[in-house]
Amino acid sequence: MRQRDNAATSPAGQQGGGDAAGTPQVRVLLVEDDETIRKSIGMALERYGYRLSGAPDGLTGLEMFREGGHDLLLLDVMLPHLDGIGLCRRIRETSQAPVLMMSALGDALNVVAGLEAGADDYVVKPVDTGVLVARIRTLLRRAAFTAPASTDDGSDAGGGGGGGETLSFRDLTVDTLGLEVRVDGDLIALTPTELRLLLEFVASPGIAQQRQTLLRKVWDYGWDGDIRVVDLAVQRLRKKIGADHIETVRGFGYRFRR
């Protein structure tokens, strides 16, 4: 029989959770085969008001995910039956929910594979609780992102119509208020991270942007993060909108073509 850990409801009023008025708690699905780690992370996150569901393997995690109701997924890389990378790929077939991968120290290849599979970010085990909570909050803010208002003069950076709401770049159209992206008229599904990254690019077409700057703006890193997350997010974004829209500026970063 498959094991599941369902976290108890945390005290109301803590950041990230519900309140006395009935605001629903953020639900996190934690897929980790090590029971000790699973329980310790669960207890830590509950103290911040998150509601945890736990799964000990990838197939159980996939089943629980398909039952619905989770706002964010926290996946270990090394899992029995279906590893975290395969699980992330299966999730991305139907959902753009935020995914945070956990990797063993020095497991660089698996980190890259997880990001390529569609994960938004990763943390290294053993996980510092403060870092984990900061990353979760960032992903949730990104998932709830609403675009800033248009420019004062109503113009748009890409030359498209819509009074600063719709930007057009050849076959690519970005509705910055409705948060819809289309290529040749077809709607493109982007993860919250990919959408934030694209909005940063289209806001400054033709301007080279450093990887570290993108880390700060898109991933909210207040420190030197791993630039691989930028490179792999750009790689995924290129596959969805067309590789010719984003140029690599060697030794520096990226530039969105006008």
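**Basis.** I worked with a predicted model in which local features need pLDDT of at least 70 and side-chain atom pairs count only at pLDDT 80 or more, while totals for chains, interfaces and linings use all residues. Residues are numbered from 1 along each chain as its sequence is written, and side-chain values use heavy atoms, with hydrogens and water left out.

**Terms.** I took helices (H or I, at least four residues) and strands (E, at least two) as DSSP runs, numbered from the N terminus. I used buried for under 20% relative accessible area, exposed for over 50% and partly exposed for in between (1.4 Å probe, protein chains only).

**Helix α4.** I looked up residues 108-116 and found N110, V111, A113, G114 and L115 buried. These buried residues pack against α3 (84-92), β5 (99-104), β6 (121-125) and α8 (228-241), with contact meaning heavy atoms within 4.5 Å. Just after α4, I noted a positive phi of about 120° at G118.

**Pairing.** I counted strands as paired if DSSP finds at least two bridges between them. β8 is joined to β7 (residues 166-169) by four bridges, antiparallel, and pairs with β9 (residues 180-183) over four bridges, also antiparallel.

**Turns.** The β7-β8 hairpin has two residues between its strands, and R170 in the turn has a positive phi of about 55°. The β8-β9 hairpin has four residues between the strands, and there I noted L179 with a positive phi near 55°.
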